[in-house]
Amino acid sequence: MFGLGPIGFLTPWLLWGLVALPILWLLLRAVPPAPIRRQFPGVALLLGLKDDDAETDKTPWWLLLLRMLAVAAAIAGFAGPVLNPEAKQAGQGPLLVVLDGGWAESRDWPRRVERAAQLVDEAGQEGRTVSVIRLTEAPQDVTFQTAEVWAGRVAAMQPTAWGPQAMQDWAEKLPAEGFDTIWLSDGIAHEGREALAAALSDKGRLTVIESGRPVLALHPAEFADGRVQVAVSRVPAGGPVEVEVAARGPDPAGIDRELARVTLALAAGEARAEAPMDLPPELRNRITRFEIAGLRSAGAVSLTDDSLKRRKVAILGPGSAQEGLQLLSPTHYLRQALAPVADLVEGSLSEVLLAKPDVIILADVAKLTQGEQDATVDWVEEGGLLLRFAGPRLAASEVSRFEEDALMPVRLREGGRAVGGAMSWGEPKALAPFAEGSPFFGLALPEDVEVKAQVLAQPDPELAERTIAALADGTPLVTRKALGDGSVVLVHVTANAEWSTLPLSGLFVQMLERLAVSTRPALPEAADLEGQTWVPELVLDAWGAEAEAGEVAGVEGEVLAQAMETGPGPAHPPGLYAGQDRRVALNVIGAGAELLPAEWPAGTVVEGLAVAPERSLKGPVLAAALTLLLLDILAALWVAGRLSGLRRGVVVLAVAMLVLGGHARAEDAAPDGPQPGDDFALQATTAVVLAHVLTGDVQVDDLAQAGLTGLGERLWERTSIEPAEPMGVDIERDELAFFPFLYWPVTPGMATPSAAAYDRLNQYLRTGGMILFDTRDADVTSFGGSSPEGDALQRIAAGLDIPALEAVPADHVLTRTFYLLQEFPGRHAQGAIWVEAAPPEAALEEGMPFRMLNDGVTPVVIGGNDWAAAWAVNDIGVPLLPVGRGAAGERQREIAYRFGINLIMHVLTGNYKSDQVHVPALLERLGQ
């Protein structure tokens, strides 16, 4: 193919015809021939006469130029011009297509797969064998097969949430014979890339394809100086750009939403930027993840763990410490250890319980009042951690002597054990190595930690199971038992240095961390992870979406620590890992990770991922040549003087029709007739149409259709709304803006919407649409419960921009848009329904029974009363399903219809019933 800039020619030899244009110019000038001049005296008699038919003696220059252009256009058209011709290098032998296949390619993955499929197809057309590898997989022998074998495999490939693994090992798996390689790279300098690139260059021609867009990555957030620090890196470091980072987590209603946002400015040539986020402790503790706004990639997500959350800890001692005896205070070392890493709560036990702390520490506190005892037991059973330290008061008390106290993990012996005492040992005892299964397993034991006295545990059958730390002679030092969802821990020595040197050591702080009493405001180190098995709770996919870990195996602490240094992999994907008393986040990008651009061997051809599509210009160029020739005919007739009167008009019209005909045929390529989807749009917009979301369950979808049909009939009978036949919509492909109302029956197995569907749903909610989510489970577990339908609703709603919710208040406009209602039953009657929470400024006006809530329509209504089943009718209008029993059931069905009518009126009219103009009439009807 011969090319001139962005235009190439499939048959370039035809362009030699352009050389003949000068000769054509000379020939055209000789036609018509010049007249011969003869002197004839009789011509004098013709002077003054006018000849209607005139003929020029030579062709005008502009007409010659027009003809030259027409011929040149015809020659160029038949030469097969192509815009943006793809430069293809003919290859021989096998072709290896390499994809990095990691998180950095997720944003461009569809284009990368399309490009890889195109390369495989072209190789097949050339009769070449092909092999396609992803470097995120374990290295394996590279084998070449026909293009037909690989076509389906390439289309099914997906990226992973980690980067390429063991790239240098792939070099050992290459075949001995030569081959060409095309590498679709993410542009990042992964370890081993240079070695593999050199090996591929030795085998044959290496071509690299990279995206022109920079790769953005988010580092784990860190807590320093009272603020959360977030950092973003990019490669390559290009021009100035601003990146927004959002912090997400559950709101008080448990709905995941954006909690804060900060903008990071990357200057020109700058590869990393940091910015602080000032967040109050309550808000900071809610954050579950940080993400780069608008970017779907595992590298753009940073999960948070206990290192970011400051726990709320209450420390209570037997009484205030005397002045001058601060170092002997039972709580001094606890405060010193916990003040930098936790929020300390002050007050009495009754007062701190009201603050709902995460941990309560009782340092040598023996007796509790019955009210304090009961309240503390309830708090522990709800998930609290009660940590108790022994001391003289506890040793001298009768607490847990004969019967095990509810707030003690074991029974205690009378007295204690001390150096020189009746139950003493000769010398202070050291600690025994922590056993496997203990939360302290793996911690190093300092040589200077000794115990001089302790309270002893009764040797009950459960003692060995509840002992999590012991002395060298086997005496229990720390015991623990579960109580409900929480636990009670007893350290058998004091919290000060009176009985032991433990509070003076760094081991003391590490033990508090392992018990989840405190969290370090820094990322965990290898020593913090060793000695435990970490079980993944949730994992990230390549696009940064969270999913349940499922059957992903646990990871040893040493392996997890290594992964936090080098990055996740297939055996330990990015996600949240839980130990015995702590959770650790393994993110794609580490705190100290540095993104560098990939370097390639000299002579490597590097191309862009975006390729302008080829476009044939043969048709347009030939159409231009034809147009010029038609204009030449018109001009020749005009020069010859044959365009006069009616003939001139007819010719001009004919030429115009011929010229415009080409444009008309081109426009015919875009048909003006009905397009796919027009029938759906017409059906949805010719009248008010109620719609339901198709779940894939035929029985549920049919019932939803019948339910909306029954509701529509009641609207026809009782209101001015005349809805058409209801429709089912597929949220993945159908336009939602046509419908004012969507009924969504939630099923346990319903698939999570795609990103495109979430975009349509969120746009629908923001522009005035309403969705009624019906879990159909009678709300047996209350909103946010753990029924299969409730779990499905939480999973589906996670990607929706749903505002804060509240149970329908008595003065909500839904109670009076058409009917006056106090309940909202469906087939079930006991479940509550949830709507958008009222704004804080909404207040009662004097003389009004309800708040002023003008023009605010709740975008979602959530409940589980199975309204479609109560509304559903068959083809002749008879209810399909029974509701309740007898007359009471029919009354319940009638209230369900009234709720449906109120709901649709609310959607179509807004909160106009909150307008003060309606207050007198409503007050009269209410009898006030």
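**Exercise 1: The second largest pocket**

Task. In this predicted model, determine which helices and strands each supply at least two residues of the lining of the second largest pocket.

Solution. Step 1: α5 (167–170), α14 (526–529), α15 (557–566) and β29 (583–586) each supply at least two residues of this lining. Step 2: α15 gives the most, with five residues. Step 3: the lining comprises 42 residues, of which A563, E565, T566, G567 and V588 lie nearest the centre of the pocket.

**Exercise 2: Space and composition**

Task. State how much space lies in the second largest pocket, and how its lining divides by class.

Solution. Step 1: the space in the second largest pocket is about 1000 Å³. Step 2: sorted by class, the lining of this pocket holds 26 nonpolar, 11 polar and five charged residues.

**Exercise 3: An open sheet**

Task. For the open sheet formed by four strands, give the strand order and explain why one side of each edge strand is left without a neighbour in the sheet.

Solution. Step 1: the order is β12-β11-β14-β15, with antiparallel pairing. Step 2: β12 (256–266) and β15 (301–303) stand at the edges; because each has a single partner strand, one side of each is left without a neighbour in the sheet. Step 3: from one strand to the next, the twist averages 20°.

Methods
Residues numbered from 1 in each chain as written. Predicted model: local features only at pLDDT ≥ 70, side-chain atom pairs only at ≥ 80, totals over all residues. Heavy atoms only, no water. 1 Å grid on protein atoms, 1.4 Å probe; cavity = no way out; pocket = protein on both sides within 12 Å on 5 of 7 lines; lining within 4 Å. Points joined across faces, edges and corners; volume = space filled by probe spheres on them. Nonpolar A, V, L, I, M, F, W, Y, C, P; charged D, E, K, R; others polar. Pairing = 2+ DSSP bridges. Axes fitted to C-alpha atoms, helices over the stretch in contact; angles between N-to-C directions.
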